[in-house]
Structures are given as structure tokens and as C-alpha cells.
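Trainee: Could you walk me through this one before I start on my notes?
Mentor: Gladly, let us have it on the screen and go through it piece by piece.

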Amino acid sequence: MSYTAPPKDMWFVIKELAGISEFAALPSFEDAALESAQTVLDEAAKFNGEVLAPQNDRAAFNSMHGREQAGRAAMWNVVDFVLDHAKSDPNAVFAGSVASLRLAGIVLSGWQMARTMIAATRKHAADPSLYVAKIATAHFSADHILLQAEAMEASIVSVKGNKSLFALAGGQF
């Protein structure tokens with residue numbers, strides 16, 4: 001997640017709370033003018049926004065990319081499983097039907113969040129605070145929701161899952 005430095009708030013702390021004017025009056029600091037401190041602070045905020053923030057966003061994009069690829073692979077594996085077992089073991093396919101729908105929801109919502117990341121990156125300059133939050137939300141989605149796709153796939157294609165589901169007769173429920 002990127003951080004957008006709030007230079008106005010930082011300047012208030014430096015000027016009012018830390019008392020930069022008092023430091024400027026000390027020997028050896030007489031060349032430290034308020035304007036110099038303001039310039040340094042503005043340049044630091046600019047550096048953070050232009051150099052550091054994109055580096056942080058790269059981690060979010062890498063995470064999303066990896067999780068989305070794994071999610072798509074999980075969906076294709078489930079499709080292959082359904083096609084391979086629809087006639088020979090329909091109960092195995094039916095046993096995974098609800099999980100298949102959940103998997104589709106997870107992967108498709110991950111795809112939407114990936115699109116959100118791309119749009120937020122393009123519009124970042126218009127409202128950095130808003131778009132940084134959107135990228136962070138998508139990053140969270142990748143790491144905590146999209147991550148579930150592979151586990152969902154395993155529960156669908158597992159032969160043991162089919163056997164445990166149909167272990168009880170209808171009257172035993």
C-alpha cells in the first residue's frame with residue numbers, strides 16, 4: 001500500500017510543535033531558514049509520491065497478478081474436472097457444484113479488483129488519497145480472498161470430498 005505524505009500536516013508539526021524557529025535561532029543553525037525547511041519538506045513529499053509510492057504499488061500488482069493467475073488456473077482445472085467426470089462420475093461433479101460457484105465468484109471478483117488497480121493507477125494523480133485506498137483494497141482482496149481459489153479447487157476435484165458427501169443415506173440427515 002502506498003503512502004501519500006501530508007506536507008501541510010507535517011509542516012504544522014515542524015513549525016508549531018517542534019518549534020523550528022527556535023532551532024533556527026541556535027548557533028550553528030542560523031542559516032536554516034523556514035523557507036529552506038519548507039522546500040525540503042515539499043521535495044520529500046514529491047519524492048515519496050513520484051519514486052517511493054510506485055515502488056510500493058508494484059508489490060500490490062505483483063501479488064494481484066500471481067493470485068489472479070493461480071485463480072484462473074484453478075477455474076480451468078475445475079472445468080477440466082467437470083468435463084472429465086460429468087458422465088463417468090456425476091456425483092463427483094454435483095458434490096462440487098456449490099464450491100464451483102464460489103470459486104467462480106472469487107476469481108471473477110479478483111478480476112474486477114485487478115481492473116480497479118489498473119484504473120486507480122491511471123487516475124492516481126487526480127486524487128491520490130482515493131486511488132491509493134483503491135489499490136490497497138484490491139491488494140487486500142488478492143492476499144485474503146483471491147488466495148482462496150486454490151483451496152476451493154482442491155475441495156472440488158478431490159475424490160475424497162465426493163465420498164464423504166455421499167457417505168450418509170438421505171434418511172440419515
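Mentor: The protein chain has eight helices and zero strands, where helices (H or I, at least four residues) and strands (E, at least two) are DSSP runs, numbered from the N terminus. This is a predicted model, in which local features need pLDDT of at least 70 and side-chain atom pairs count only at pLDDT 80 or more, while totals for chains, interfaces and linings use all residues. Residues are numbered from 1 along each chain as its sequence is written, and side-chain values use heavy atoms, with hydrogens and water left out.

Trainee: OK, and what share of the 173 residues counts as buried?
Mentor: Of the 173 residues of the protein chain, 27% are buried, taking buried as under 20% relative accessible area, exposed as over 50% and partly exposed as in between, with a 1.4 Å probe and protein chains only.

Trainee: Which residues of helix α7 are buried?
Mentor: In helix α7, which spans residues 148-157, they are A149, M152, E153 and I156. Seen down the axis of α7, these buried residues fall within an arc of 105 degrees, so they line one face of the helix; the arc is that of the directions from the helix axis to the C-beta atoms.

Trainee: Switching to charges, how many salt bridges does a search of the whole structure find?
Mentor: The search finds one salt bridge, meaning a side-chain nitrogen of Lys or Arg within 4 Å of a carboxyl oxygen of Asp or Glu. The side chains that meet in it are those of D143 and R67, at 3.7 Å, N to O. Because D143 lies in helix α6 (residues 128-146) and R67 in helix α3 (residues 34-85), the pair ties together parts that are 76 residues apart in sequence.

Trainee: And how accessible are those two?
Mentor: D143 is partly exposed, with a relative accessible area of 26%, and R67 is partly exposed too, with 29%.

Trainee: What sits over the ring of W111?
Mentor: The charged end of R115 does, 5.0 Å from the ring's centre, the rule being that NZ of Lys or CZ of Arg is within 6 Å of the ring centre and within 35 degrees of the ring normal. R115 lies in helix α5, residues 97-123, and counts as partly exposed at 45% relative accessibility. The C-alpha atoms of R115 and A138 are separated by 9.1 Å, the two residues being 23 residues apart along the chain.

Trainee: Last one, is L17 buried or exposed?
Mentor: L17, which is found in helix α1 (residues 7-17), is exposed, with a relative accessible area of 62%.
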